[in-house]
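Reader: Hello! Could you take me through one part of this structure closely, and then show me how its surroundings are laid out?

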Amino acid sequence: MKMRTKNSSVWLKGLSVIVLASLMLAACSGGGGDGANGDPGGASKDNQNQASAADDGPLGKYDPAIEVSFVRDLSDVVENNVLGVLKGETIDNNRWTQLYEDELGIKIKYDWVVKGSPTSDQYLQKINVTLASGDLPDVIPVNATQLKQLADSDQIEDMTELYEKYASPFTKKVLSEEGTSVFDAATFDGKLMAVPQLESSMERAMYIWIRTDWLDKLGLKPPKTMADVLAISKAFTEGDPDGNGKKDTFGLGVTKDLWGGAMGLEGFMAGYDAYPNIWVEDASGKLVFGSTQPEVKKALQVLQDMAKNGQIDQEFGVKDGGKVSEQISAGKIGMEYGEQWNSIWPLQLNRDNDPNAQWQAFPIVSESGETPKVPLKFSTTRFFAVKKGAAHPEAVIKMFNLHLEKNWGETAEFDKYFAPPEAESVWQLSPVTPYPVKKNVDAFRAIDAARKAGDFSTLTGEAKTIQEKLEAYASGSSDGFALWGWERIYGEEGSMGIADHYDKNNQFLREKFVGAPTPTMVERKATLEKLQNEVFVKIILGDPIDKFDQFVADWKKLGGDQITQEVNEWYETTK
């Protein structure tokens, strides 16, 4: 499972006519193998011909071997939980670098490695310096803004024909599991300018996590409507659920950042048909920004009433996720909205302190009691671009193919290359880490089917590894990380069962704008986000609700109207 703590097979259906035409041309001509379109020098192409693959297919091996340079981040998980426990493996020489060399004839070289996540200040500063210098590695992982800058300055390869030729059928299937959105995000003037590393938007679905031992103690039932959610919040605040005779508990946990995978408000807002921070289609077919719609005002009024009644900590406006998790750990909060992994963090902290504490995920609910839409923010933020003139621009596509094949394909060795017992995040040693977007819910489905059949012997890969955790938890073992948390995800009452229901019930509301940041977004987005969150926090803490109307007016004036125009101009090109 890929976890965020800050984790179908339609092939390009609906992609722009220009891109489809390019792909058809590539298929007819068999072109793309020589790489650099418009390469001003012939040396790179000569080198490519000299080191061409003996088998020029999706998994063809280069003979002699070639060297491909990257830059990358190195998270604490990789440094401590992978390299820190593996013997004889380093970031430069490990099972993945060896696999790419042995199977593909690709030697990986890192121009630099920086500690931190792809969004850390240190990494962003380093990569921005690299981009500004023009001294690019062969393959460079970039965000959407950086990709557009590189494409506009003609520093990277057109990958359209190369992707069609070299991507394996399995890779094409996986990367199209959210339709054309990831390709739209990487396409400029009809050209696919990078290989998108698809991130599962489905993994960002929201759930209501509730202390069920408190529900039982107070004689309450799980919520069916938002009125039920509010009643539970009130009871958790006023009913002394911890039994200490003091009014020192809160109904709902919220952080100063308002949004995010744990203790965020997206799921709460969705209960009122409000979808902040994503672009949605209105009745006329135009895109509008969810944060400025009137439904958000109604949700903010409800949150303000909750805060006035002590159901939300009056100091939440200065508390980040770490501080609120301390309150959860101490047993002072009974409900929070978050993603499927919340039982591992922060809720496991509470369970560790109080073995009698029990949390369970429930589906988000609506004010009306009708089936709510579950908002999904577009999650793909990393794209692998190839330097203009690189000898083998197709090499990164072959790496995508092999990573997917060795973890989920017919020749998969999951226990070696994804999550071996000795280091469960070995997949992060690879510089490219694509994965099927439904892998977690598929693992649940396999486990659930085996559970109902009473036969777990057929489980393989990730499902088998997870089932072993569930069995360890059931046996009372304490030898393992967050075993209770894993059971709360994949057990019979787990959050993945709800994800399965969301998916089969067609409840997902996917963000409609997936393109690169527009010019005005680049200039004004940070300012507008800061304005939004400051106003929303103040309203929840008691500012007049009409401040929302002033926020909308200010948002429009400070660039929102221009962004909306640019977003809709982009949207027209996708139809």
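This is a predicted model: local features need pLDDT of at least 70, side-chain atom pairs count only at pLDDT 80 or more; totals for chains, interfaces and linings use all residues.

**A close look at one helix residue**

Author: Val302 is found in helix α13. Is Val302 buried or exposed? Its relative accessibility is 14%, and because the limit for a buried residue is under 20%, Val302 counts as buried. Which residues does Val302 touch, once those up to four places away in sequence are set aside? They are Leu230, Phe268 and Tyr272. For a sense of distance, take Tyr275: Val302 and Tyr275 are 27 residues apart in sequence, and their C-alpha atoms are 15 Å apart in space.

A polar atom of the Thr292 side chain lies 2.9 Å from the backbone oxygen of Phe289. Apart from neighbours within four places in sequence, Thr292 is in contact with Phe548, Phe551, Val552 and Trp555.

For a residue in another setting, look at Lys148 in helix α6 (residues 144-152). Here the relative accessible area is 26%, so Lys148 is partly exposed, as that class lies between the 20% and 50% limits. Beyond residues up to four places away in sequence, Lys148 touches Phe188, Ala516 and Pro517. Pro363 is 215 residues from Lys148 along the chain, and 38 Å separates their C-alpha atoms.

A helix pair is worth a visit too. Helix α14 (residues 321-329) and helix α15 (residues 343-353) have axes that come within 8 Å and cross at roughly 35°, and the crossing is right-handed. On the α14 side, Gly321, Ser325, Ile328 and Ser329 take part, meeting Trp345, Pro346, Leu347, Leu349, Asn350 and Asn353 of α15. By residue type, this contact divides into five nonpolar, five polar and no charged residues.

The protein chain is divided into domain 1 (66-200 + 379-429), domain 2 (204-377 + 507-516) and domain 3 (446-505). Taken over C-alpha atoms, the centres of domain 1 and domain 3 are separated by 30 Å. Their contact takes six residues from domain 1 and four residues from domain 3.

Conventions
Residues are numbered from 1 along each chain as its sequence is written. Side-chain values use heavy atoms; hydrogens and water are left out. Axes are lines fitted to C-alpha atoms, for helices over the stretch in contact, and angles run from 0 to 180 degrees between N-to-C directions. Helices (H or I, at least four residues) and strands (E, at least two) are DSSP runs, numbered from the N terminus. A crossing is left-handed if the near helix is turned anticlockwise from the far one by less than a right angle, and right-handed if clockwise. Contact means heavy atoms within 4.5 Å. Ala, Val, Leu, Ile, Met, Phe, Trp, Tyr, Cys and Pro count as nonpolar, Asp, Glu, Lys and Arg as charged, and the others, Gly among them, as polar. Buried means under 20% relative accessible area, exposed over 50%, partly exposed in between (1.4 Å probe, protein chains only). A polar contact is a pair of N or O atoms within 3.5 Å; within protein, one must be able to donate a hydrogen and the other to accept it, and residues adjacent in sequence count only if both atoms are side-chain atoms. Domain bounds come from an automatic or database domain assignment.
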